[in-house]
Amino acid sequence: MPAGRTEPGRRSALALAGLATVGALVAYRVPASTAGFTGRTTTVGNTWTVAALPTLSLGRAAGYTLLAATGIRNSSFLGTGSSVNGSVATSPGTSIDGFWPWDITGATDRNTTNARNARSDALTLYTALDAYPATKVIPPTLTGTLSPGVYTSTTGAFTISGTLTLDGGGDPSARFIFRATSITAAPRSTVTLTNDAFPNRVYWKSTTTITLGESSTGRGTYLASGDATASRNTSLYGRLISLNGAIAISRSTITNP
């Protein structure tokens, strides 16, 4: 047979082999492990789940300036009571005493349905705050200027000293979360907000107690698992919540933002 020519039978065999190869390539699928991740992506022996962070909301607790589990006690000083702008509630306890009739601008709910709903939503918020991973672990004394983030302490506790400025950086959605084993505001300490930082987006969470020292100024939502105290002449622009204990205040001004 002349050079460069191929027998007819051999040409047919080569053509069939080529078609088989093309068919195999067409039928081949990209393995799942090379596909883009979705909300839930599975490969052989491995599953990834992308979980969304919970929404941080006070829900039905938003209207309550003071909310406690067992009781709320106000101590007047030289005949002068406290000023509470907003409602107060206890649940499951019913003790709310020491207030003059004009001290509280809102409702006084003693284990009512509204009080129980408020405590339920406050507990949900308290739990949700733990879902946010810490972005900064810092020394226990809070002072100077801080940017938005989720803060925990190198010792577990936080103490606010002097002036603490929370700088939102011009972002109205800026959020500040402080998680600690206890939170204390030193006497005459001040929390200030600047550059679009707002009290409704500042959260203080303590697994035990929260104490706001005499003549201190606080801002944000303060949630304690145990007791919470606002000492004499405290000014708070936010809320004070005790999820399993009591609240004690003395000649304080507390304003629901």
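**Exercise 1. List the residues that Ser 87 contacts, leaving aside its neighbours within four places in sequence, and decide whether Ser 87 is buried or exposed.**

Solution. Leaving aside neighbours within four places in sequence, Ser 87 is in contact with Gly 63, Tyr 64, Thr 65, Leu 66, Gly 106 and Ala 107, where contact means heavy atoms within 4.5 Å. The model is predicted, so that local features need pLDDT of at least 70 and side-chain atom pairs count only at pLDDT 80 or more, while totals for chains, interfaces and linings use all residues. Residues are numbered from 1 along each chain as its sequence is written, and side-chain values use heavy atoms, with hydrogens and water left out. Ser 87 itself is found in strand β6 (residues 87–90); helices (H or I, at least four residues) and strands (E, at least two) are DSSP runs, numbered from the N terminus. With a relative accessibility of 14%, Ser 87 counts as buried, a term that means under 20% relative accessible area, whereas exposed means over 50% and partly exposed lies in between (1.4 Å probe, protein chains only).

**Exercise 2. Find how many aromatic pairs the whole structure holds, and describe the pair formed by Tyr 151 and Phe 178.**

Solution. A search of the whole structure finds five aromatic pairs; rings of Phe, Tyr and Trp (its six-membered ring) pair if their centres lie within 6.5 Å, and planes under 30 degrees apart count as stacked, over 60 as edge-to-face and the rest as tilted. Tyr 151 and Phe 178 form a stacked pair, at 5.1 Å centre to centre and with 10° between the planes. This pair links distant parts of the chain, since Tyr 151 is in strand β11 (residues 149–153) and Phe 178 is in strand β13 (residues 176–180), 27 residues apart. Tyr 151 is buried, at 1% relative accessible area, and Phe 178 is buried too, at 0%.

**Exercise 3. Explain why the pair of Trp 204 and Tyr 222 is stacked, and state which residues the ring pairs link into a cluster.**

Solution. The ring centres of Trp 204 and Tyr 222 are 5.3 Å apart and their planes are at 5°, so the pair is stacked. Here too distant parts of the chain are linked, with Trp 204 in strand β16 (residues 202–206) and Tyr 222 in strand β18 (residues 217–224), 18 residues apart. Trp 204 is buried, with a relative accessible area of 0%, as is Tyr 222, with 1%. Ring pairs link Tyr 151, Phe 158, Phe 178, Trp 204 and Tyr 222 into a cluster.

**Exercise 4. Check the span of helix α2, and identify what its buried residues pack against.**

Solution. The expected span of a helix is 1.5 Å times one less than its number of residues, so the 16 residues of α2 (residues 113–128) should span 22 Å, which agrees with the 23 Å between its end C-alpha atoms. The buried residues of α2 include Ala 115, Leu 125 and Tyr 126, and the buried residues of this helix pack against β3 (64–68), β6, β8 (108–110), β16, β18 and β20 (235–242).

**Exercise 5. Locate Arg 188 and Asn 195, and give the phi of Arg 188.**

Solution. Arg 188, in the loop between β14 (183–185) and β15 (190–194), has a positive phi near 65° although the residue is other than glycine, and Arg 188 is exposed at 60% relative accessible area. Asn 195 lies in the loop between β15 and β16, has a positive phi of about 55°, and is partly exposed at 42%.
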